[in-house]
Amino acid sequence: MPLMAVAARVVSRRTSVNSHHHSDGTGANGYHTSTSYYATFEVESGDRMEFHLSGSEYGMLAEGDMGKLRFQGTRYLGFERQH
């Protein structure tokens, strides 16, 4: 897949929390949660794409941000905000 860099706008952000309950076989139970982070970008053509991001990348984005989206296929590579 080619590396793409396109003008885009952040149109939404969301999180997904997953909970896992497990037992280690000795009667001890564990509980684990994990959070996944997603952002949807709209490019100049009007198409929208959602990408999975790290928590730190997610924290740097706000809805309405404009800038240059970099990705390769379905893999998010970064977003450079315009000032």
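This is a predicted model: local features need pLDDT of at least 70, side-chain atom pairs count only at pLDDT 80 or more; totals for chains, interfaces and linings use all residues.
The protein chain has a radius of gyration of 17 Å, whereas a compact globule of 83 residues would come in near 12 Å. Residues are numbered from 1 along each chain as its sequence is written, and side-chain values use heavy atoms, with hydrogens and water left out.

Along the principal axes, the C-alpha atoms of the protein chain fill a box of roughly 55 × 30 × 20 Å. Its accessible surface comes to about 5,600 Å², and 48% of that belongs to carbon and sulfur atoms (Shrake-Rupley method, 1.4 Å probe). Of the 83 residues, 25% count as buried, where buried means under 20% relative accessible area, exposed means over 50%, and partly exposed is in between (1.4 Å probe, protein chains only). As for contacts (heavy atoms within 4.5 Å), take those with a separation of 6 or more: residues 24 or more positions apart account for 44% of them.

On to the secondary structure, which comes to 1 helix and 5 strands. Read from the N terminus on, the elements run β-β-β-α-β-β. Helices (H or I, at least four residues) and strands (E, at least two) are DSSP runs, numbered from the N terminus.

Strands of a sheet pair through backbone hydrogen bonds, either parallel or antiparallel. Here, an open sheet of 5 strands shows antiparallel pairing in the order S3-S2-S1-S4-S5; two strands pair if DSSP finds at least two bridges between them. At the edges sit strand S3 (48-53) and strand S5 (75-81), each pairing on one side only. On average, neighbouring strands of this sheet are turned by 35° against each other, direction ignored (axes are lines fitted to C-alpha atoms, for helices over the stretch in contact, and angles run from 0 to 180 degrees between N-to-C directions).

Strand S4 (residues 66-72) joins S5 in the antiparallel sense over 6 bridges. The two form a hairpin with 2 residues between them, and Gly73 in the turn has a positive phi of about 65°. Gln72 stands opposite Arg75 in S5.

Over in strand S2 (residues 29-43) lies Ser36. With a relative accessible area of 15%, Ser36 is buried. Setting aside neighbours within four places in sequence, Ser36 is in contact with Arg14, Thr15, Ser16, Asn18 and His52.

Notes. The radius of gyration is taken over C-alpha atoms; the globule rule is 2.2 Å times the number of residues to the power 0.38.
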